[in-house]
Amino acid sequence: MEMEVFSKFLGYILGLLIIFTVCKIFFKPLKVIFKFFFSSFIGLTLLFIINSFSHLTGFYIGINPVTALILGLLGVPGLLVIIILKMFI
C-alpha cells in the first residue's frame with residue numbers, strides 16, 4: 001500500500017515537472033514577442049504624440065516599417081536615436 005502511494009506521489013511530481021518544463025519552453029518566446037510588441041506600441045504612441053505637434057514645431061518623423069522595427073527592438077531609447085538622427089540628417 002505504501003509503495004502505491006509513493007508511486008502516485010512520484011508520478012504527480014514528475015507530471016508537474018514535465019508541465020513546468022513545457023510551459024517554460026513555450027512561453028519564453030511568447031514573452032519576447034510580447035515585449036517586442038509592447039515596446040513598439042509605446043514607441044509608436046510617443047512618435048504619434050511628437051508628430052501631433054509637428055504643425056507647431058515643423059519636426060516630423062515618418063511612421064514606416066524601419067521606424068517600427070527600431071522602436072520595437074529598442075523601445076523609447078530607439079525613439080531617442082531616431083530623433084537624434086533626424087536632427088543631424
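This section describes aromatic pairs, a helix-helix contact and selected residues in a predicted model.

Residues are numbered from 1 along each chain as its sequence is written, and side-chain values use heavy atoms, with hydrogens and water left out. Because the model is predicted, local features need pLDDT of at least 70 and side-chain atom pairs count only at pLDDT 80 or more, whereas totals for chains, interfaces and linings use all residues.

Two aromatic pairs are present in the structure. Rings of Phe, Tyr and Trp (its six-membered ring) are taken to pair if their centres lie within 6.5 Å; planes under 30 degrees apart count as stacked, over 60 as edge-to-face and the rest as tilted. The ring centres of F34 and F38 are 6.2 Å apart and the ring planes lie at 20°, so this pair is stacked. Both F34 and F38 belong to helix α1 (residues 2-52), where they are four residues apart, about one turn of the helix. Helices (H or I, at least four residues) and strands (E, at least two) are DSSP runs, numbered from the N terminus. The second pair, F36 with F37, is edge-to-face, with 5.7 Å from centre to centre and 70° between the planes.

Accessibility was classed as buried (under 20% relative accessible area), exposed (over 50%) or partly exposed (in between), with a 1.4 Å probe and protein chains only.

The C-alpha atom of F20 is separated by 35 Å from that of L44, 24 residues apart along the chain. P29 also lies in helix α1 and counts as partly exposed, at 43% relative accessibility. Between the C-alpha atoms of P29 and L46, 17 residues apart along the chain, the separation is 26 Å.

Helix α2 (residues 54-57) includes S54. At 19% relative accessibility, S54 is classed as buried. A polar contact is a pair of N or O atoms within 3.5 Å; within protein, one must be able to donate a hydrogen and the other to accept it, and residues adjacent in sequence count only if both atoms are side-chain atoms. The S54 side chain reaches the backbone oxygen of N51 at 2.8 Å. When residues up to four places away in sequence are not counted, S54 touches F59 and Y60 (contact means heavy atoms within 4.5 Å).

Two packed helices are described by the angle between their axes and the distance between the axes. Axes are lines fitted to C-alpha atoms, for helices over the stretch in contact, and angles run from 0 to 180 degrees between N-to-C directions. Helix α3 (residues 65-74) packs with helix α4 (residues 76-88) at an angle of about 135°, and their axes are 6 Å apart. The two helices α3 and α4 are therefore oblique to each other; angles under 35 degrees count as roughly parallel, over 145 as roughly antiparallel, 65 to 115 as roughly perpendicular and the rest as oblique. Helix α3 contributes T67, I70, L71 and L74 to the contact, and helix α4 contributes V76, P77, G78, L79 and I82. By class, seven of the contact residues are nonpolar, two are polar and none is charged. Ala, Val, Leu, Ile, Met, Phe, Trp, Tyr, Cys and Pro count as nonpolar, Asp, Glu, Lys and Arg as charged, and the others, Gly among them, as polar.

Within helix α3, T67 is buried, with a relative accessible area of 9%. T67 is in contact with I61, G62 and I82, leaving aside neighbours within four places in sequence. L73, also found in helix α3, is exposed, with a relative accessible area of 59%. The C-alpha atoms of L73 and G62 are 17 Å apart, the two residues being eleven residues apart along the chain.
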